[in-house]
Amino acid sequence: MPRIGKRRSAPARKRIQRAAVAASAAVLLFGPTAALSSAAPDPGIGLPADLVAALNRDLHISPEEYLARADTAQQVAAFATTAQRQFPQVFGGAWLDEQGRGVVALANGPGGDEARGAAESSGFVVRNVAKSETTLRGEKSAFERWLDGQPEAVSSLVRGVVIDTVNNSIAVRVDKVGLPMPNFIDPARVIVTAPPVAAETLPQAAAVAEAGAATVGGGDGFAAISGDSSLRCSFGFNGIGPAGNTVNITAGHCNPNLDDIGAATVHESLGGNKVGPQIATYQKSVLGSQDYSIMSIADGAAGRFQNNQVKVPGAAPIAVDGVATPVVGAPVCKSGSRTGFSCGVVNAVDQTVQVGDRQLTQSFSANICALPGDSGGPIVTGRQALGISSASSVADYPICEIPNILGVLTGNAPQLFAQPVSVVLSDNPGLRIRTS
């Protein structure tokens, strides 16, 4: 799976690297949540068997606990938005801990007692910390200034710096161990992450077969073809465009012809290298600071996309009922046409990460394995739409079992980087996700 974009000169790469250190995020280093009861799920809970199996395998939690934690995460998100505005001198961030509890970090300062009362009355655990988010942003800026003066050999290997609210510190993502760091960076907070890559090139020209007839949901596969270039990806969330047309929201890098938006044809993947007739065209593709495409579904296929389903190809779906905000510690599950459902927890939000020669901003990441072909697929928390799969740190592996085992042994879990759906909707007034 090749990197996206052309190779740039060393000065250009350094400018990109400096700009990539622009994140305001939280990094979570605890792994999948602790095991809970594995009692049979309530038949009325509305989660498909494949998703329940992924929750049990990857997070060791029941479907009921998954939904409860996802709901708590959105309560935390709402509180954090208010606290950032009302208590800027003491608010130190908010997240879900390993037990699924909402945690609010508070430093000493004006408004501290009021902030504590508000957090506790909302049912959140208060953690006393030394630094507010405002102070941490100052430390991040100091690191950026330090990095700006470093040689290319150092700066080119720093993938980003983030505000780590869970540990009340600054965390740095790097490509390799042993890089020099300023003395105010805790060595334990220097995290080695393999460079993320994205997209899957079809091995040969696709053979057109008869059109499918089944409902198409997020996680089903498609092939995008433009001349001799073709990419295999996954459909994201079904939606409704500003003009009322039927659309699907997937990844921008899944368009093989970004210079001519309407040139690529989109075909349903029917297994192997077989595809159906043209089913959609690209209405808009963005690849750079964001990574998303809006596909316009052909009239003859629109009825197949007029649903709110996220699923494993050929299996029962989960019905999306809203749009969520990424929260550190929140349980999330992705669906993709190559690896199906897999689950993890969000470990960074509102971050910038370098993918090849582009910078993905406002992204979030989770400790989930995704492989080529999963790109563009949907990520949910509870039953809510959260993001679009953009890039993976383990894309070079043939199966997820290998990086998952290595992650357990080394502590370097797979990372899936994602485009938040909320940002896509904000950038496109009138665009809606189909919900219950």
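Tutor: A disulfide is a pair of cysteine sulfur atoms within 2.5 Å. Please bear in mind that this is a predicted model.

Student: How many disulfides does a search of the whole structure find, and what pattern do they follow along the chain?

Tutor: The search of the whole structure finds three disulfides. With bonded cysteines counted along the chain, the pattern is 1-2, 3-4, 5-6.

Student: Which handedness has the link of Cys-333 and Cys-343?

Tutor: The sulfur atoms of Cys-333 and Cys-343 are 2.1 Å apart, and the two residues form a disulfide. This pair links strand S19 (residues 331-336) with strand S20 (residues 340-355). The angle about the S-S bond is 105°, and the link is right-handed.

Student: How many residues apart in sequence are the parts tied together by Cys-233 and Cys-254?

Tutor: A disulfide joins Cys-233 to Cys-254, with an S to S distance of 2.0 Å. Cys-233 belongs to strand S10, whereas Cys-254 sits in the loop between strand S12 and strand S13, so the parts tied together are separated in sequence by 21 residues.

Student: Is Cys-400 buried or exposed?

Tutor: Cys-400 is joined to Cys-369 by a disulfide, and Cys-400 lies in the loop between strand S23 (384-392) and helix H8 (401-410). Buried means under 20% relative accessible area. Cys-400 has 13% relative accessibility and therefore counts as buried.

Student: Which handedness does the disulfide of Cys-369 and Cys-400 have?

Tutor: Cys-369 lies in the loop between strand S21 and strand S22. The torsion about the S-S bond of Cys-369 and Cys-400 is about -85°, so this disulfide is left-handed.

Definitions and conventions
Residues numbered from 1 in each chain as written. Predicted model: local features only at pLDDT ≥ 70, side-chain atom pairs only at ≥ 80, totals over all residues. Heavy atoms only, no water. Helix = DSSP H or I, 4+ residues; strand = E, 2+ residues; numbered from the N terminus. Buried < 20%, exposed > 50% of the residue type's maximum accessible area, 1.4 Å probe, protein only.
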